[in-house]
Amino acid sequence: MERLRETILRAGGKPVHADRAVDAWMLGRPVLEAFAEPRYALPRAAVPALEEELAALEALGEVLEEHPAEDGGRKLLLGLEDGARIETVLLPRDGLCVSTQVGCRVGCTFCGTGTLGLTRNLSTDELLIQVRRGRERQKVRRVVFMGMGEPAHNIEAVLEAVAILHRDGRVGREQLVFSTVGHPRVFERLQACTPPPALALSLHTLDREQRRALLPRAPDVEPAELLEAAVAYSTRNRHPLQVQWTLIEGVTDGLEEARQLARLLQGTRTVVNFIPVNPVAGLPGSRPNRERIHQVVACVQDGGVLAKVRWSAAQDATGGCGQLVAGRQDGQPEGAPPLSGPN
Ligand code: SF4
């Protein structure tokens, strides 16, 4: 956005022109139309420089495929300048789920993205183009960094995007959600961001050994301590905390563990999102039946903590996170059924 601003100023535009260009770009509107009214007309000499800059921004992420889902969501497959591919998901109720990396190195055993390994981090521009692509299609008031990748492994770019989305993109601070497998040091870094984003902690279990097995390259921290640090961060910033818990039959669907989770969260402003696993071909783990899912949720709710079942957004559109990209890397043709799916 700074480059866009400078391009206009250097080419003879005024600060009001620069502001209008940034505003239109961030809101997903056609930028040149922001100068259509005579009182905002851009000096003619500035137009070619602006067009060149806009073409460079457009090339950051082209929409290669678009898959509407029955839940009102929509999954986009974006092609980046170097040929890498990522997913961006439009969520029902004005939300957008953004990818932060090409692949991911945490390697969660229930996740399609985890099977890809890490190729590279996304730049701040590549995070912002996902929001623009979303806003070209629907209103976006909430941006969750919960797509492909672990945001904490690309934290500087993600926090820069958070700051820009809040300042130039009109996204409220509670509507910017940083999702992470977590580490107390990560929470300290988030605190230094302006604004500190809301937090979603991917916890999945309270058993340290189990967590190590499920999230093999996540920081090896005692889950209860991690949860305590996440609650402290969210309380300090007056945000509700989201806890993400993937439900895998016989692994993370224990009722006593759910009661223990409720005890740890009692009196806090937390919502626990239970995500029935979207089975991934070639990976172990199946989804508990509906009755069991409701029993687990009830255990947490009976403990006085808000809990919901969150089916993967846009899941019928090519499975959970990473499956569209994984499918294309396997050479699956467009329209082929999903490989299966994680969260
Ligand atoms: S669930 Fe998230 S952290 Fe785990 S492998 Fe998938 S993208 Fe990475």
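1. A quick definition to start: a residue is buried if 20 or more other C-beta atoms lie within 10 Å of its own, exposed if 12 or fewer, and partly exposed in between, with C-beta atoms placed from the backbone. Please keep in mind that this is a predicted model, where local features need pLDDT of at least 70, side-chain atom pairs count only at pLDDT 80 or more, and totals for chains, interfaces and linings use all residues. Residues are numbered from 1 along each chain as its sequence is written.

2. Two backbone spots deserve a look. Most residues other than glycine have a negative phi, and most peptide bonds are trans. Arg170, not a glycine, has a positive phi of about 60°. This arginine is found in the loop between α5 and β8 (176-180), and Arg170 is partly exposed, with 13 other C-beta atoms within 10 Å. His204 is not a glycine either, and has a positive phi of about 75°. His204 lies in the loop between β9 and α7 (208-214) and counts as buried, with 26 C-beta neighbours inside 10 Å. Helices here are DSSP runs of H or I with at least four residues, strands are runs of E with at least two, and both are numbered from the N terminus.

3. A cis peptide bond is there to check too. It joins Thr194 and Pro195, with omega about 0°. Pro195 is found in the loop between α6 (184-191) and β9 (198-202).

4. Now to helix α1 (residues 2-10) and helix α3 (residues 46-58), which pack at an angle of about 165° with their axes 9 Å apart. That makes α1 roughly antiparallel to α3 (angles under 35 degrees count as roughly parallel, over 145 as roughly antiparallel, 65 to 115 as roughly perpendicular and the rest as oblique). Axes are lines fitted to C-alpha atoms, for helices over the stretch in contact, and angles run from 0 to 180 degrees between N-to-C directions.

5. Which residues of α1 and α3 meet? On α1 they are Arg3, Leu4, Thr7 and Ile8, and on α3 they are Ala46, Ala49, Leu50 and Glu53. Contact here requires C-beta atoms, placed from the backbone, to lie within 7 Å. By class, this contact of α1 with α3 has five nonpolar, one polar and two charged residues (Ala, Val, Leu, Ile, Met, Phe, Trp, Tyr, Cys and Pro count as nonpolar, Asp, Glu, Lys and Arg as charged, and the others, Gly among them, as polar).

6. α1 also packs on helix α2 (residues 15-26): their axes come within 9 Å and cross at roughly 145°. Leu4, Arg5, Ile8 and Leu9 of α1 make the contact with His17, Ala18, Ala21, Val22 and Trp25 of α2. Seven of the residues in this contact of α1 with α2 are nonpolar, one is polar and one is charged.

7. Finally, helix α4 (residues 124-135) is mostly covered, with nine of its twelve residues buried; among them are Glu126, Arg132 and Arg133. α4 and helix α5 (residues 155-167) pack at an angle of about 45°, with axes 8 Å apart. That makes α4 oblique to α5. Thr124, Leu127, Leu128 and Val131 in α4 meet Ala157, Val158, Glu160, Ala161, Ile164 and Leu165 in α5.

Notes: Contact = placed C-beta atoms within 7 Å.
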